[in-house]
2 protein chains.
Amino acid sequence: MKIKAFYLLLIISMSLYSCSNRQSDNENVLGERPEWAIVVHGGAGNITHESIPPEKEQEYMDKLKEAIVAGANILDNGGSSLDAVETTIKILEDCPLFNAGKGAVFSADGVNEMDASIMDGSNLNAGAVASVTNIKHPISAARKVMEKSKHVMLVKEGAEIFAEEQGIEIVDPSYFYTEKRWHSLQKAKEREADKKDDKTKKSGTVGCVALDKNENLAAGTSTGGMTNKKYGRVGDSPVIGAGTYANNKSCGISATGHGEYFIRNVVAYDISARMVYGGETLEEAGNNVINKVLKEQNGSGGIIALDKNGNVSMPFNTTGMFRGWMKAGGEAEVLIFKD
Amino acid sequence: MKIKAFYLLLIISMSLYSCSNRQSDNENVLGERPEWAIVVHGGAGNITHESIPPEKEQEYMDKLKEAIVAGANILDNGGSSLDAVETTIKILEDCPLFNAGKGAVFSADGVNEMDASIMDGSNLNAGAVASVTNIKHPISAARKVMEKSKHVMLVKEGAEIFAEEQGIEIVDPSYFYTEKRWHSLQKAKEREADKKDDKTKKSGTVGCVALDKNENLAAGTSTGGMTNKKYGRVGDSPVIGAGTYANNKSCGISATGHGEYFIRNVVAYDISARMVYGGETLEEAGNNVINKVLKEQNGSGGIIALDKNGNVSMPFNTTGMFRGWMKAGGEAEVLIFKD
């Protein structure tokens with residue numbers, strides 16, 4: 001009997017132990033933890049082989065690769081994940097292909113109102129700017145908010161004044177004009193007048209998550225928001241927990257898609273919470289949020305994610321997402337379509 | 001041996017079952033689920049018997065009770081939790097005692113910039129306004145954003161134009177002037193000039209969570225933010241997941257305190273996530289977030305919460321929080337201090 005009781009207690013203990021440690025499942029890394037890793041997106045949406053001509057496809061691929069390699073070089077040289085995220089996103093903000101910085105979409109008033117945020121997974125510090133119109137690199141302004149103010153979120157003129165005081169490059173709002181986006185606004189207004197839904201819109205938000213040699217995660221997101229947006233609408237990109245989240249204990253996330261759904265579902269933080277409290281892996285958590293929770297609500301979009309072990313996940317529920325990644329010792333990989 | 005193996009399997013099964021069902025612990029309600037319930041706060045902070053004269057204490061108690069009873073009457077008559085939350089918060093917005101609506105604190109520019117948000121736990125719809133200066137009841141504007149726009153968050157003039165178009169009462173910004181708050185701004189500026197920390201500040205944000213007879217949860221929060229705030233600073237109150245969250249599957253939350261910490265820690269949603277994924281009760285989740293996670297970071301404040309079973313929790317890590325609650329068949333209860 002004593003031996004039987006011993007076995008029973010042993011089994012109970014083992015079951016309970018495996019239960020209380022479900023959290024550590026995601027540490028079962030396939031392969032070695034890379035010395036560093038970086039993952040990037042340039043927006044998710046109705047992106048198909050038909051909607052992008054082959055030469056344009058190459059342009060997107062080249063620019064994504066350039067941005068990834070720039071961040072990767074910083075990481076490889078021992079730089080911080082924050083520096084990698086900021087540098088990578090600045091390259092995408094400078095490129096008119098993406099809906100962030102130069103190339104941001106126009107609001108209904110014909111203005112480019114941009115949002116950005118950044119988060120440091122080592123200490124949960126975060127910074128965000130929303131509805132700014134004259135900051136060349138909104139991601140750099142977000143970083144200044146994080147590092148040089150007591151605040152997390154600054155909006156409109158106040159954010160612009162702060163950025164200027166901090167030496168962030170200010171430009172004339174006309175800098176952000178691109179013919180393509182102006183044309184998109186006119187088309188959106190026509191569809192609105194005809195009471196037609198905008199089915200062709202591509203988000204084009206950009207984001208980056210990086211893990212550095214010191215095992216620090218950082219995440220950032222930058223966007224021009226929605227074409228033809230009204231009334232000072234702010235989406236998920238500058239909302240910590242919705243569009244951006246980073247925590248060394250779990251993962252770093254940057255989101256892109258129909259922002260309202262990402263706010264309501266607290267998407268970026270939900271992925272971290274599922275890992276920490278629910279024992280889901282990064283892959284499981286990301287898939288559950290993007291392909292179950294959001295899909296059931298018709299909330300379109302995707303996320304890029306890196307966990308603390310350098311695992312990459314990039315789920316999206318649209319036909320495409322501009323995305324890519326690179327890990328120490330590997331090559332930059334870039335993808336656009338689902339298939 | 002067969003019997004022994006049977007016992008072993010039984011024990012393993014029971015252990016695993018209890019593990020996979022940790023989530024339902026919070027359904028172990030003490031007592032009956034009330035037909036409806038409401039919980040209210042008027043801000044947490046350095047609130048002591050010394051800092052509030054007895055006659056002022058009574059004023060706070062009376063106003064909190066009036067607000068609770070107004071919401072409770074709606075719930076008792078079969079009204080929705082959203083109506084109860086909006087009505088209750090409007091009463092507190094109208095009262096100069098609290099830092100919301102009339103009585104909102106002044107920004108560094110001498111302006112009252114108010115934020116509010118509301119969330120419907122039955123469908124996760126949400127609405128928020130930030131940095132508005134002429135909307136008499138920001139909580140009502142937030143509700144219109146939720147119900148009459150495709151968006152969740154509108155800021156500044158855009159939010160004001162939307163609110164006016166929706167028939168929300170617009171007032172001259174001078175309506176929000178109170179001598180007490182103006183004096184607080186002058187004192188804050190003096191302390192700033194002397195490089196002294198502001199140790200006396202009380203938040204005074206208001207919030208409400210309600211559970212109606214249809215078992216729908218709703219939560220709302222309204223604030224003037226921080227005295228002497230600069231650069232268009234937005235705190236946690238209009239950030240869904242940080243200052244406000246409601247989900248019929250778990251709980252409704254309204255937060256008050258040092259907003260930046262509440263954003264970084266995604267406080268309102270974290271409490272829900274701990275319940276849903278981690279199997280914590282409302283009481284455990286609220287306490288863990290407010291008295292452990294936030295306290296370790298020196299993030300001061302508190303939350304009010306109602307779970308889907310009508311359990312009330314009101315943890316705070318400051319010396320006081322204006323708070324109260326009422327359940328079907330009970331009386332309105334109001335408290336201010338910790339002891």
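1. Let's start with a residue pair: Asp120(A) sits opposite Asn125(A), the latter belonging to β3(A). Keep in mind that this is a predicted model. The strands behind that pair are β2 (residues 114-120) of chain A and β3(A), which run antiparallel and are joined over six bridges.

2. What about cover for β3(A)? Strand β3 spans residues 125-132 of chain A and is mostly covered, with seven of its eight residues buried.

3. β3(A) has another partner, β4 (residues 153-155) of chain A, and here the pairing is parallel, over three bridges. One contact to pick out on screen: Ala130(A) has Val155(A) in β4(A) as its bridge partner.

4. Which hand does the β-α-β unit have? β3(A), helix α4 (residues 138-148) of chain A and β4(A) form a left-handed one. I'd have a look at that path in the viewer, going from β3(A) over α4 to β4(A).

5. Zooming out, chain A holds nine helices and 13 strands. Of its 339 residues, 58% are buried. Taking contacts in chain A between residues at least 6 apart in sequence, 70% link residues at least 24 apart.

6. On to the two copies. Chain B superposes on chain A by a rotation of 180° with 0.0 Å of shift along the axis, at an RMSD of 0.0 Å. The copies are therefore related as by a two-fold rotation axis. Both use the same surface: 100% of the contact residues of chain B recur in chain A.

7. Last, the cysteines. How many disulfides are there over all chains? The count is zero, using a cut-off of 2.5 Å between cysteine sulfur atoms. Cys95(B) is in no disulfide, and the nearest cysteine sulfur, from Cys208(B), lies 15 Å away. Is Cys95(B) buried or exposed? Its relative accessibility is 6%, so Cys95(B) counts as buried.

8. Cys208(B) isn't in a disulfide either; the nearest cysteine sulfur, belonging to Cys251(B), is 14 Å off. Cys208(B) is buried as well, at a relative accessible area of 0%.

Definitions and conventions. Residues numbered from 1 in each chain as written. Chains lettered and ligands numbered in written order. Predicted model: local features only at pLDDT ≥ 70, side-chain atom pairs only at ≥ 80, totals over all residues. Heavy atoms only, no water. Helix = DSSP H or I, 4+ residues; strand = E, 2+ residues; numbered from the N terminus. Buried < 20%, exposed > 50% of the residue type's maximum accessible area, 1.4 Å probe, protein only. Contact = heavy atoms within 4.5 Å. Least-squares fit on C-alpha atoms with pLDDT ≥ 70 in both. Pairing = 2+ DSSP bridges. Right-handed = clockwise from strand over helix to strand, strands pointing away.
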